[in-house]
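Please read them with the coordinates open.

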Amino acid sequence: MALPLRSDPKLTGRFYGHPAPRNASGGGAIVLGHRRVYIVPSRLGLLFGGTLAILLVGSINYALSLGFALTFLLAGMGIAGMVQTARNLAQLSVRAGRCDPVFAGEGAQFRLGLSNTSGFDRPEILLRHAASGAQTTVDIAADSATDAMLAVPAQRRGWLPLGRVMLETRFPLGLFRAWSYVEPDSRCLVYPQPEASTLPPVASSAQAGGARAHARGSDDFSGLRAYQPSDSPRHVAWKSAARSDTLHARSDDMLTKQFAGDAVAELWLDLRDLPASLGLEQRLSRLAGWVLAAERAGARYGLRLPGTELAPGTGGSHRAACLGALALHE
Amino acid sequence: MSSSAPAAIESAPLAPAARPIDGRDLLVLVAGLLIVVVPHALRAPWWLTLLTLALYGWRATALSTRGGRGLLPSSWMLLAVALLASAGVWLEYRAIFGRTPGIMLLVLFSGLKLLESRNQRDAAAVVFLTWFLAITNFLYTQSIPTAIGMFAAVGTSVLALVGFAAPRRAPLANLRTARRLLAQAVPAALALFLLFPRVQGPLWGLPQDAYAGMSGLSDSMTPGSLSQLTLSDAIAFRVEFQGEAPRRRSLYWRGPVMVDFDGRTWRLGSPGFADLQPPSDGTRFEYAVLLEPHNRNWLFALEAPASLPERARYLDDGQIVTLQPVRARMRYEMASVVEGTPNAAEASRNLRRAQRLPPGFNPRARALAEGWRDASKDDTEVLARAIDYFRRERLQYTTEPPLLGRDSIDEFLFVTRQGFCEHFSSAFVFLMRAAGVPARVVTGYQGGDLNPVDGKFTVRQSDAHAWTEVFLPARGWIRVDPTALSVPMRVDDGLARSVPASDSLPLLMRSDLEWLRTLRNNWEALTSQWNLLVLGYNPDRQRELMSWFGMRDADWLGLASTLLAVLGAFVLVLFAWMLRRVARPDPVQASWNLFCRKLGARGLVRLPQEGPRDYSERAASNLPSANEAIRRIAALYIALRYGNNASPGEVVELRRMVRELQIG
């Protein structure tokens, strides 16, 4: 069966007054016009058709009037099911939502707002990310909106556009498969994959110029910094490590107590400090790791990239700004 | 924070093979299956019924253990059960491919398939099997109760299908969906039922036992065969007269004619096709017969036929036959003449055959007949003596006649003196032939009950009767009913009043159950409409209906194109109707569009790169008189469009403000 619900656009356009919106930019919703909903029988639907054919031939052969009636009722139900399957997607509106930045190697959680302005519910709608195959299934109640999360693997730093998303449904009978594509204007910022490494020694920072290390009195507890394999176990902040919600605390989750005399530095993290032999991506990864470590250590840190300089600071938004600069560095 | 692992991809794939089935939906599936299997189970051998129910029970029990996945048998075990049970079916029926054994195997496989169902695809296959089993029930009966039961089963299985597709949805919502699906299916089903090009089956040879269980008259008559038949309350046919109906004593429905006798059994002769020669005088009655299938070629007609139904043939012994056995309920219209003068001509070959008797049987009856022959001057006088004999002898009429030996007619006439109509007619024809007068046994039905509800006559198997015809030169074949001669009440009042009260009769034939008869009359009037309109819809009726709609000589191409047009229109209308509540523009956007049009009319057309904020600012500074309203509308629009929580009240407010916006 071809696509019975695709009809002359001029004709239906006049009836429904809907252009088929591709991608309303600026956060607008994409409405799945019924001309963009495709439908074909599923494999189960073909089996259903075969069953009906057998029932029909049996009814003819044995001249069973009620056999005809039952077969035709099932056929009519198949037709009604086809229309309802298409309806389950038609006029659904999809809106791109916020996507929090993630590190490369993690899953970008794309949020899609699905809103159903109709008086019927739309169960079992599968969203499938065309490029990665990530998928999720949602039920949308009548006259309501719901959010669907698509976890798309983020491979590389930079902007990750969502791209095409397929919406598919087989409700209510499973005999037909209706689908449609949307391309919401949504992208996710992907930070470089942080490399677990020790913070740069203050000396090297100082050499690079601009880093001021405040030396304090000896033996006074002055703060925490990221654990380094060479740290004495007596200096590990075990209480903090125990609070960590990851079961298998990795070494870069552990903190080392710092005492005055250690460097609590105002760090400058500079791409040029790292040997060019490492390659750009690895250097950016190391810088990202340093940003995290510095943030954990409570240090004030600044970031210097060719063409970009972020003044020293601390806190969530500073961290995000630094990581964002690393992510988008050309 | 950085270490949070990628969130597990939540997924419920839609491919049926990957979707496990929920216990709730499985129980619905079993319920549907039970409805279709119960009528079969009543016909099945007990062990098969028990085995099938055990298989269903096993699957249902497995639901409650280990989260629905416990205790299911291995496929080897299922195969072993399948083979053993198939062997059992073969032992029971000595066949695998007949109708009944085939259905029994299907019943069994439904249990096995259910037991191995673990995902949506398997369960859907069980649903399809349920439909198949539902239709096989119609091979046995297409009555109203069966129809209700099977359609209920289909509804149940559709609910199961919806459940498989949406296992997390509330059962009530799924029920509503299933109900809506079936309701929406009705118009399409009706169009298909009426317009689908019908062909007359069968398409291929049917199994030997395909029509077992259809009752009716047979092509031979032995003592006891008719009295067995009259114990059945089943309907043979129903008749609707146009206008007045004949009197009850004239209602002789002629069927197969028995000519050959071997001393015990009467058999059909070998009549040839002939032209119908209706009697020249008498009263003409026109009527329609709705004949139940009986798997024989003959049709029943009131004596004597004056016109033939379509596609029926007339035989020279007065039978009306079709070329194909009547295997589906059949309606035919014809006319008959009652109490007319029969045709006097008959081929001498047929007359000689109607005088033949096997030698060496029934010496006392022979002697009696020869005595009449000697004392009479012609055949008419012999007949008069015979009639007189039957009137005088007061032979007793009973549905439970004693068993008779080799000389059955001698024993009936002179020893037991009790018999049913086959004894009376058999003895009379024997006597006539022994006296040299051509005679034959005619079987058929006598009488019929008028149903006051719909004014139709119902003729039942219990009205089966046998009478005789005697040939007199110059007068032709004359009907003589020897039963009526001895027991006049049989013809005037029916069987129930003519036999002793101790004789067994169908329950509803007893005249003391008046209320039950009223109930039955209503039910049968309903059934008759059902038979005529639903079950009797065949290629002929379809042609009639089409010509009524102005399609003369509708061929299958015309029907198919009409059907496709109707179905196409149905799909479009259904889709438009189902989206009627959604097919309206977003109200927020509609208000904004109206706002832009109003400003555009004042020359302030929104530029393509202009967002709502810039546009409204430009408009507000250009139209100082309305700048307050313009700013408020834009702010509300931006909040509704890009904000997260829009309340319906705000949408209404935006529409009101845009509508009331006065510019200049």
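**Notes on the predicted model**

1. In the interface between the two chains, 69 residues of chain A are in contact with 65 residues of chain B. This, like everything that follows, is read from a predicted model. On the side of chain A that touches chain B, the elements giving two or more residues are helices H2 (43-61) and H3 (65-89), together with strands E5 (107-116), E6 (122-129), E7 (135-140) and E8 (144-153). The largest share of that side, 19 residues, is supplied by H3(A). Sorted by class, the side of chain A that touches chain B has 37 nonpolar, 23 polar and 9 charged residues.

2. As for the make-up of chain A, there are 7 helices and 18 strands, and buried residues account for 46% of its 330 residues. When contacts in chain A between residues at least 6 apart in sequence are considered, 69% of them join residues at least 24 apart.

3. A:Arg164 sits in the loop between strand E9 (158-161) and strand E10 (165-169) of chain A. Is this residue, A:Arg164, buried, exposed or partly exposed? A:Arg164 is partly exposed, because 13 other C-beta atoms lie within 10 Å, whereas a buried residue would need 20 or more. Apart from its neighbours within four places in sequence, A:Arg164 is in contact with A:Ala130, A:Tyr181 and A:Glu183. The C-alpha atoms of A:Arg164 and A:Arg128 are separated by 8.7 Å, although the two residues are 36 residues apart along the chain.

4. Helices H6 (residues 280-297) and H7 (residues 316-328) of chain A have axes that come within 10 Å and cross at roughly 175°, which means that H6(A) is roughly antiparallel to H7(A). From H6(A) the contact draws on A:Leu284, A:Leu287, A:Ala288, A:Val291 and A:Glu295, and from H7(A) on A:Arg319, A:Cys322, A:Leu323 and A:Leu326. By class, this contact has 7 nonpolar, no polar and 2 charged residues.

5. In chain B, the axes of helix H5 (residues 120-137) and helix H6 (residues 144-165) come within 10 Å and cross at roughly 170°, so H5(B) is roughly antiparallel to H6(B). The residues making the contact include B:Ala123, B:Val127 and B:Trp131 of H5(B), and B:Met150, B:Val154 and B:Leu161 of H6(B). The contact of H5(B) with H6(B) has 11 nonpolar, 5 polar and no charged residues.

6. Strand E15 (residues 456-460) of chain B is mostly covered, with 5 of its 5 residues buried. B:Lys456, B:Thr458 and B:Arg460 point one way from E15(B), while B:Phe457 and B:Val459 point the other way. E15(B) pairs in the antiparallel sense with strand E2 (residues 235-242) of chain B over 4 bridges, and B:Arg238 stands opposite B:Thr458. Strand E14 (residues 449-451) of chain B also pairs with E15(B) in the antiparallel sense, over 3 bridges, and here B:Leu450 stands opposite B:Phe457. E14(B) and E15(B) form a hairpin with 4 residues between them, and B:Gly455 in the turn has a positive phi of about 70°.

7. In helix H21 (residues 612-622) of chain B, the buried residues are B:Tyr615, B:Ser616 and B:Ala619. Seen down the axis of H21(B), these buried residues fall within an arc of 95°, and therefore they line one face of the helix. The buried residues of H21(B) pack against helix H20 (587-601) and helix H22 (627-642) of chain B.

Note on methods. Residues are numbered from 1 along each chain as its sequence is written. Chains are lettered from A and ligands numbered from 1 in the order in which they are written. This is a predicted model: local features need pLDDT of at least 70, side-chain atom pairs count only at pLDDT 80 or more; totals for chains, interfaces and linings use all residues. A residue is buried if 20 or more other C-beta atoms lie within 10 Å of its own, exposed if 12 or fewer, and partly exposed in between; C-beta atoms are placed from the backbone. Two residues are in contact if their C-beta atoms, placed from the backbone, lie within 7 Å. Axes are lines fitted to C-alpha atoms, for helices over the stretch in contact, and angles run from 0 to 180 degrees between N-to-C directions. Angles under 35 degrees count as roughly parallel, over 145 as roughly antiparallel, 65 to 115 as roughly perpendicular and the rest as oblique. Ala, Val, Leu, Ile, Met, Phe, Trp, Tyr, Cys and Pro count as nonpolar, Asp, Glu, Lys and Arg as charged, and the others, Gly among them, as polar. The arc is that of the directions from the helix axis to the C-beta atoms. Two strands pair if DSSP finds at least two bridges between them.
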